[in-house]
Each structure stands twice: as C-alpha cells, then as structure tokens.
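Student: I would like to go through the helix packing and a few backbone angles of this model. Please show it first.

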Amino acid sequence: MKHVYTGKTKDVFALEDGNYLLQFKDDVTGVDGVFDPGANSVGLTIEGAGRSGLKLTKYFFEVLKEKGIPTHYVDADIEKATMTVKPAEVFGKGLEVICRYRAVGSFLRRYGLYAEEGQSLDAFVEVTIKDDEREDPPISEDALDMLGVLSKDEYKVLKVLTQQIGNVVKEELAKKGIELYDIKFEFGRTGEEKEIVLIDEISGGNMRAYKDGEYIEPLELEKLFL
C-alpha cells in the first residue's frame with residue numbers, strides 16, 4: 001500500500017490491484033472550532049467523525065449501486081474507517097457540485113436580494129471550483145467548456161447525475177422524517193470510456209439536513225438515520 005495523498009478529512013493510498021484505499025479521519029472542516037461543511041480548512045477533530053461519515057457513505061453508495069447509478073465505490077470497512085474505490089480522475093483540479101433544495105448558506109449570501117431564507121429550490125445545481133485561495137468560486141457551464149475543464153455534453157451528464165443522486169439521498173432521509181436542504185458531491189472520470197461517476201463520500205459533512213426545522217449536526221445525523 002503506497003501513500004499518495006493527504007487530504008483534509010481523508011488520506012489516500014494506492015493498492016497493488018490498481019484500486020485505491022481512502023482512510024477516513026476524525027478531522028472535520030470548520031472555522032474557529034465550529035464545524036462548517038463549506039469551510040476550506042480543518043477546524044476541529046471530532047472523535048468518531050471518520051467512522052460516522054463512512055457509515056453513511058457506505059449506506060448511500062450501496063443504495064446507488066442497487067439503482068445502477070455509477071460510482072467509484074468497491075467496498076468499505078467500518079472498523080478500520082477505510083473505503084476501497086476504483087481509480088478516477090477529477091475534472092481539472094477538482095470541482096464540487098451542489099444540489100440545493102432550499103435557499104440557505106452561500107446561495108442565500110449571494111442571492112439574498114431575490115431569495116428568502118429557506119425558500120424552496122427545485123434541485124438547483126451549482127458547480128464550484130475547488131480552490132481554497134479563491135474561496136471555491138462558482139463557475140458556469142460555458143466557462144467550464146471554454147476553459148477545457150469539461151465539455152457541455154459532460155456537464156449535461158454531471159447535472160443529471162447530481163439531481164438523480166440528490167433525490168435518492170433526499171428520499172432516503174425523508175423516510176426518517178429528515179429534510180435535505182442541500183448536498184455537495186464530487187465526480188470523476190473512470191475507465192477507458194471515461195465514464196462520469198460519483199466519487200468521494202456522501203456523509204453528514206457534505207450536506208445540510210434538518211428535522212422539525214432544526215439543523216442536524218453530522219454525527220447526530222448518522223445516529224438519527226442509521
């Protein structure tokens with residue numbers, strides 16, 4: 001096993017069979033010791049956060065597998081807090097794709113002139129560039145195409161997958177009386193066909209979820225849901 005990358009919340013290792021191993025850590029993003037899924041730096045360490053994130057990720061990736069939705073997931077070991085995944089290349093230097101069902105967070109900060117807090121959004125898809133220095137700026141379909149990050153055809157696939165996966169997560173949470181406000185995904189290309197697949201994780205740290213109008217912390221979400 002060869003160490004290839006140290007991330008904020010995960011470390012990545014190359015396996016001999018060509019797959020990769022993701023080691024989930026207890027570090028979470030935030031500012032001044034307060035958790036924030038949108039933050040660009042590690043803000044605090046929460047014991048059990050890695051395993052908690054992996055439990056939800058495993059659950060959702062296996063639901064997606066049953067539905068035939070393409071992901072990089074192979075399997076997961078909750079005890080060791082590791083997930084085995086197929087190799088995939090990211091778009092450019094990395095994109096985040098957000099699916100929004102209610103106006104909160106950065107959407108509200110940007111569009112507050114028109115949007116009211118918590119107003120319903122119809123699975124609005126937004127792409128941002130992973131760039132800590134520039135605070136992850138949003139980017140349009142045309143700009144992505146012109147800058148050679150991904151083609152317009154690839155963007156269409158990305159958008160459809162984002163809404164499809166977002167709706168699966170939303171429906172699963174709704175079964176437990178939990179409402180999904182927004183969720184953040186990452187995608188990559190895999191295999192010779194360069195198929196677009198969901199990569200990374202689906203955990204409480206990637207979404208805003210509410211129950212009875214109250215925000216649910218990521219570790220609490222895993223307990224309530226599973």
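Student: At what angle do helix 1 and helix 5 pack, and how far apart are their axes?

Tutor: This is a predicted model in which local features need pLDDT of at least 70 and side-chain atom pairs count only at pLDDT 80 or more, while totals for chains, interfaces and linings use all residues. Residues are numbered from 1 along each chain as its sequence is written, and side-chain values use heavy atoms, with hydrogens and water left out. Helices (H or I, at least four residues) and strands (E, at least two) are DSSP runs numbered from the N terminus, and axes are lines fitted to C-alpha atoms, for helices over the stretch in contact, with angles from 0 to 180 degrees between N-to-C directions. For helix 1 and helix 5 (residues 218-225), the axes are 9 Å apart and the angle is about 50°.

Student: Which class does that angle give helix 1 relative to helix 5?

Tutor: Angles under 35 degrees count as roughly parallel, over 145 as roughly antiparallel, 65 to 115 as roughly perpendicular and the rest as oblique. Therefore helix 1 is, relative to helix 5, oblique.

Student: Which residues of helix 1 and helix 5 make the contact?

Tutor: Contact means heavy atoms within 4.5 Å. On the helix 5 side the residues are Pro218, Leu219, Leu221, Glu222 and Phe225; on the helix 1 side they are Ala49, Ser52, Lys55, Leu56, Tyr59 and Phe60.

Student: How many nonpolar residues are in the contact of helix 1 with helix 4?

Tutor: Helix 4 (residues 152-174) packs on helix 1 at about 120°, with the axes 11 Å apart. Tyr59, Phe60, Val63 and Leu64 of helix 1 meet Ile165, Val168, Val169, Glu172 and Leu173 of helix 4. Ala, Val, Leu, Ile, Met, Phe, Trp, Tyr, Cys and Pro count as nonpolar, Asp, Glu, Lys and Arg as charged, and the others, Gly among them, as polar. By class, the contact of helix 1 with helix 4 has one charged, no polar and, as the number asked for, eight nonpolar residues.

Student: Ala81 has a positive phi although it is not a glycine. Is Ala81 buried or exposed?

Tutor: Ala81 has a phi of about 55° and is found in the loop between strand 7 (73-77) and strand 8 (82-85). Buried means under 20% relative accessible area, exposed over 50%, partly exposed in between (1.4 Å probe, protein chains only). Because its relative accessibility is 7%, Ala81 counts as buried.

Student: Is Glu135 buried or exposed?

Tutor: Glu135 lies in the loop between strand 11 (120-129) and strand 12 (138-139), and has a positive phi of about 55° although it is not a glycine. With a relative accessible area of 64%, Glu135 is exposed.
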